[in-house]
Amino acid sequence: MSTVQRVAQVFGWVFVLVGVLGFVAGSASMEEGMLLGLFPVNLLHNLVHLAFGIWGIAAARSFGGAKTYGQAGGVVYLLLAVVGLVAANPLDLVPLGGNDIWLHALLGAILAYFGFTAKEVAAAAPAA
């Protein structure tokens, strides 16, 4: 498994966990709840985390899928950080302000780094 595939797999499982924890934190509605007392979440936010997690787990099955996940996910999360600076809760749909800004920037930078620098490793030749 390549590094970018491992990153997609780890991010996928973490996002699934975060999505589930968001529901446990009591934000199973469009009303904002606080995950770990730090991050505002709501129903849509939790569903996005679950979807992004499932995508990461599925993408980790191939180099190309994982690379695309890193690139697209990285760009999306960097954009979310910028949007969070401008509007804490755009259209009253998903809370993006507060601590989510730095978290989205960090996640986006990591995903983009691994997605855009990924190099496919050639399979080793069988031993004679």
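The model is predicted: local features need pLDDT of at least 70, side-chain atom pairs count only at pLDDT 80 or more, and totals for chains, interfaces and linings use all residues. Residues are numbered from 1 along each chain as its sequence is written, and side-chain values use heavy atoms, with hydrogens and water left out.

The secondary structure consists of 4 helices and 2 strands, in the order α-β-β-α-α-α along the sequence. Helices (H or I, at least four residues) and strands (E, at least two) are DSSP runs, numbered from the N terminus. Of the 128 residues, 38% count as buried; buried means under 20% relative accessible area, exposed over 50%, and partly exposed in between (1.4 Å probe, protein chains only). Among contacts (heavy atoms within 4.5 Å) with a separation of 6 or more, 64% join residues 24 or more positions apart.

Helix α1 covers residues 3-24, and its end C-alpha atoms are 31 Å apart, in agreement with the 32 Å that its 22 residues should span at 1.5 Å a residue. That expected span is 1.5 Å times one less than the number of residues. The buried residues of α1 include Val 4, Val 7, Phe 11, Phe 15 and Gly 19. Seen down the helix axis, the buried residues fall within an arc of 165°, so they line one face of α1; the arc is that of the directions from the axis to the C-beta atoms. Thr 3, Trp 13 and Val 24 are exposed on the other side. The elements against which the buried residues of α1 pack are listed here.

| Element | Residues |
|---|---|
| β1 | 33-35 |
| β2 | 39-41 |
| α2 | 43-59 |
| α3 | 63-86 |
| α4 | 99-117 |

The largest nonpolar core holds 15 residues, of which Phe 11, Phe 15, Phe 52, Tyr 69 and Leu 111 touch the most other members. Such a core is a set of buried Ala, Val, Leu, Ile, Met, Phe, Trp, Tyr and Cys residues joined through side-chain atoms within 4.5 Å. Two or more residues come from each of α1, α2, α3 and α4, with the largest share, 5 residues, from α1.

Beyond its neighbours within four places in sequence, Leu 111 contacts residues including Val 7, Phe 52 and Gly 74. Gly 74 lies in helix α3 and counts as buried, at 0% relative accessibility. Its C-alpha atom is separated by 7.8 Å from that of Tyr 113, 39 residues apart along the chain.
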